[in-house]
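Here is a short report on one protein model. It moves from the overall fold to single residues.

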Amino acid sequence: MNINEIKSEISSINDQMLTLFKRHLELTLEAGKLREADGKPLYDRKAEEKTLETAAANSPQDMQNYSIEFFRNLINLSKEYYKDNK
């Protein structure tokens, strides 16, 4: 694989990730509104911890910390998006 092929594949992955990120935020907003309407706590610390544990468990050893940080940032961005758009 040459550098142009690698760059092209990275660009394609970035496009896919952006599409999934936008959908994640949409679903976060919808779930937050439903939880709020039902009088349930907005944030579920146990679910967040499970997400981070799953990310670590499904990542190679040398990528675990990066995967955890990726999902930690995703969780925090999702919370911010909800606060800004509820």
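Buried means under 20% relative accessible area, exposed means over 50%, and partly exposed lies in between (1.4 Å probe, protein chains only). By that rule, buried residues make up 17% of the 86 residues in the protein. This is a predicted model: local features need pLDDT of at least 70, side-chain atom pairs count only at pLDDT 80 or more, and totals for chains, interfaces and linings use all residues. Residues are numbered from 1 along each chain as its sequence is written, and side-chain values use heavy atoms, with hydrogens and water left out.

**Fold.** The protein has three helices and zero strands. Helices (H or I, at least four residues) and strands (E, at least two) are DSSP runs, numbered from the N terminus. The C-alpha atoms fill a box of roughly 55 × 25 × 15 Å along the principal axes. Contact means heavy atoms within 4.5 Å. Of the contacts with a separation of 6 or more, 63% join residues 24 or more positions apart.

**Ser78.** This residue sits in helix H3 (residues 64–85). Ser78 is buried, because its relative accessible area is 6%. Leaving aside neighbours within four places in sequence, Ser78 is in contact with His24, Leu25 and Thr28. Its side chain also reaches two polar partners, tabulated here.

| Ser78 side chain to | Distance |
|---|---|
| His24 side chain | 3.0 Å |
| Leu74 backbone oxygen | 2.8 Å |

A polar contact is a pair of N or O atoms within 3.5 Å; within protein, one must be able to donate a hydrogen and the other to accept it, and residues adjacent in sequence count only if both atoms are side-chain atoms.

**Ile6.** Ile6 lies in helix H1 (residues 3–37). Ile6 is partly exposed, because its relative accessible area is 34%.
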